[in-house]
Every structure is written in structure tokens, then in C-alpha cells.
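Hello,

Here is the structure for your files. Please look it over, then read my notes below.

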Amino acid sequence: MTSLNLAKSLKQKLIQQTLEKKLKKAESEGWKPTPQQTSSSAFNKHCQFDQHPGYKQLQIIKNGAKSLGVPSPFFKIHQGVAGATSIIDDQEVINFASYNYLNLSGHPEVNQAAIDAIHQYGTSVSASRIVSGERPIHQELEAAIAATYEVEDALVYVSGHATNVSTIGYLFGPKDLIIHDEYIHNSSVVGSQLSGAKRIPFAHNDLDALEKILTENRHQFEQVLIVVEGLYSMDGDYPDLARLVDIKQQHHAFLMVDEAHSFGVLGASGKGLREEAHVAGQDVDIWMGTLSKTLSGCGGYIAGSSALIENLRYLSPGFLYSVGLPAPTAAAALASLQIIQKEPQRIQKLKSISQSFIRQAKAMGFNTGDSVGMAVIPIILGSSVKAANASAALLEKGINVQPILYPAVPERSARLRFFLSSEHTEEQIKLTLNTLKTLL
Ligand SMILES: Cc1ncc(COP(=O)(O)O)c(C=O)c1O
């Protein structure tokens, strides 16, 4: 910038600041701008995205991290299938940052199913299934999901997040109450907000707290929904499902379980939390899951009674007004489900490597929080800077693990979050834990 330009821009800044000061003073004395005045340059900050509060906050965090010398852990580029290993920056790394728990994304049979579906149906179904028509693969996938849960029907949406937003947002309204675990995924919170229902979170996995809320509030509302997850993805623990079923029956509430991280992971054959807890499929009113994790596709599902599914199929906006699942994605999810059913040893391998990881981590003195040691294991380091630095240092040593930083978790519980997969080996976890110990 020339000195002339610099002087000009300083002058403009000074004029802007003086104008803003004058404006604030006038407003404090009761003056209100006319619409024409509102559009004057003093209000420019309301029509510039670089003045948006979220963006400004992001810049503060980015600049803070830069000045502390912490590299950004976000948007790393994986150059191949991300499983127990991956390729980042042309280097093969041990990978603990993907939800490919059973290593079915990239599995030859799953790839082939997607390729065959492309040849048969193309890459998109172009519009909503209600107007533009189904493909047999949609119905086969939904029937297979319903059969796995031993419930009447199921429905697949194009996004897991949209599944929760659309289902909760549509089924509940201002006369209703939604009570959820405080660690519930954002998609359920957004769905609850959209519904207009009263929303009350309860302390994580504290079912006494849930009962207290129900006792005090149930009588004031029509429908009541309790929402929990099958396996919490930040902490790797799960709720007492049998007790939840008792509570919901006693208080005449609906129970919804989000199985994004538990389906294909919990239970001897991967049928999720209900198999782990020996609960019948129909004891839970709304089963939700994603197609993006063990089912190695993309999208979400709801499984339950035929009345629930028919209602959602005709009326929930994220299904009715959104495109149907692409056939190759549906085929990949169906092929994954079939492999899970015929190869339960994948779940056993995932369980045994996860148990080994948590046992060794604890023996080394690491804080793994409340994780039960099934696929999701945090190592809590207690500060965002420490977690981000440890993640960057591990990557330099060929180990990819994501740090979870404030505000995703409270600052004191900033962590490294390890996602195990059925193909991780004992050597890989030994090397990882020893490297981390040395680095810390
Ligand atoms: C518990 C939970 N529910 C819902 C979702 C949203 O699923 P998707 O990423 O498939 O849209 C996620 C995503 O990770 C999740 O962890």
C-alpha cells in the first residue's frame, strides 16, 4: 500500500469510528434511524459476512492457535480409504480418526454393490421418492434394517443429521416436552428446537435426574420424548437401556435411541445397544441410526412401528421434500449390513482390540474417562493446547488422531479421541500408546 493510500484508509477508518460513536450517543438519547438511515454506511457491519459474530469468533480462535504455534487439526486430506491406516500428505499413517469401525468402507463386496447399482440405476434418483419413485434397493435396505431391529418398518433419509432434525422436528410441537442427555448430538438438539417443544437436558447418563424431571414436569405436557444415544461418541459410554424402557413406560413417554455409533459395534452380533442390553426391538419407540459409520454409506434411518414410519414417509419434511438416497449409497449400506450379519467375527475383533487399547492405556496412567472400551476411547489431556499439540506431534510420527477441543468439550476435558476399528493390530496400538507416553 502506498503512503497516500494508507493515509486515505486511516482517514476512512477515523470517519467510520466517529460516525459509530455519534450513532451510539444518539441511540442512547432515544433516537431511532429511518429505513434510509439504516442502510447508511454506519450499518455496514450488518451486511458484511466478515462482520458476522461466528466468523469473528473463528478468526479469534485461529489467530490464538497461530500465536501459540498450534497447527490446525481440521480438514486433513486423506488420499485413499480411511480405515485402520490411511494416507495423509503422501505418508501412510495409523489412523484413529474415522468411524469405519468394521472396515466395510472400501471392502471389495461393498464397492462392487455400489458399482453394480450405478450401472443399474445411475448415480442419483433426482427427486423425492414420493413423487419421483422408489428403486427396489430402497425397499430392500429398509426391510433389512427393520428385520435387524425386529420392528415393523424402517425409512432411510439422505443425511443422518437431517434424519434427527426432520423426525424430531416433525413429530413434536409446542405442547410437548423433549428430555435428552446433555451430551446428545447436535442433530437432536436442532430437531428439538425446530419442533418448538420445551426442551430439558439431563446430566449425562444420570437416569435419576431424568426420572426427577419426568415426575416434576410430565403432567404439564401432551407427548413426551426421551432422547439418548446408543454409544456416546465423545466419551465411549452408553446408558442403561433396560431402565430407560421402564422409566418411559412408567411416565407414558416415547423413547428414542440414536445408534449412530452403537449399531454394528455393540452386542455380540453388532445389533447395537438393544442386543448389549437384552431389550426387545419394540420396547424402544424410535430407533435412529446413520448409514455413514458401520454401514459405510451416507444417510440415516428410523426404525419402529408401521404407524411411525408411514407418518414420517408421507409427512416428515426431510423425507418428503428431499431427494431419495442415491442407489449406490443404498446398495453399499445394504451390502455392509449383510456382511455384518455373516461375519460377526468383525465385531469380536473390534471388541478385543478396543478392550486391549483401554487396558493398556489405563495401565500407562492415561485418563480414559468413562469409556467402556468399545470403539470410542478418549484420552483426556485437560487442555485444548495440549490436545492439539499432542495430535500434531503424533501425526509427525505417523499416527493420526483427532484432538477434541473447547468448545466441543469443556476446556478441562479436552482430549485425543481414538476410534478403533476391527483391523487395528496390537502392534499399532502399542506403538501409538508408547509414542504418546514419550511425547507427553
Ligand atoms: C450421535 C450422532 N447422531 C447423528 C449424527 C449425524 O450423522 P451423519 O454424520 O451421518 O449425518 C452423528 C454424526 O456423527 C452422530 O454422531
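Domain bounds here come from an automatic or database domain assignment. That assignment gives domain 1 (85-95 + 344-439) and domain 2 (108-342). The C-alpha centres of domain 1 and domain 2 lie 27 Å apart. Across the two, 19 residues of domain 1 are in contact (heavy atoms within 4.5 Å) with 19 residues of domain 2.

The ground rules come next. This is a predicted model, where local features need pLDDT of at least 70, side-chain atom pairs count only at pLDDT 80 or more, and totals for chains, interfaces and linings use all residues. Residues are numbered from 1 along each chain as its sequence is written, and side-chain values use heavy atoms, with hydrogens and water left out.

On confidence: pLDDT is the predictor's confidence in each residue, from 0 to 100. The chain averages 93, and 93% of the residues score at least 70. Over residues 1-6 the pLDDT is below 50, and this stretch has 2 contacts in the model beyond near neighbours in sequence. Where pLDDT is low, the predicted coordinates should not be read in detail.

Now the salt bridges (a side-chain nitrogen of Lys or Arg within 4 Å of a carboxyl oxygen of Asp or Glu). The count comes to 12. For burial, buried means under 20% relative accessible area, exposed over 50%, and partly exposed in between (1.4 Å probe, protein chains only).

- R415 and D235 pair at 3.4 Å, N to O. R415 lies in strand β13 (residues 415-419) and D235 in the loop between β6 (224-229) and α10 (241-250), so the pair ties together parts that are 180 residues apart in sequence. R415 is buried at 3% relative accessibility. D235 is buried too, at 10%.
- E216 and K212 pair at 3.3 Å, N to O. Both lie in helix α9 (residues 207-217), 4 residues apart, about one turn of the helix. E216 is partly exposed at 46%, and K212 is exposed at 52%.
- E343 and R346 pair with their closest N and O atoms 2.7 Å apart. Both residues are buried.
- R129, E134, E142, D153 and R313 are linked in a network of salt bridges.

Helices (H or I, at least four residues) and strands (E, at least two) are DSSP runs, numbered from the N terminus.

One last item: V131 is found in helix α5. This residue is exposed, with a relative accessible area of 69%.

Best wishes
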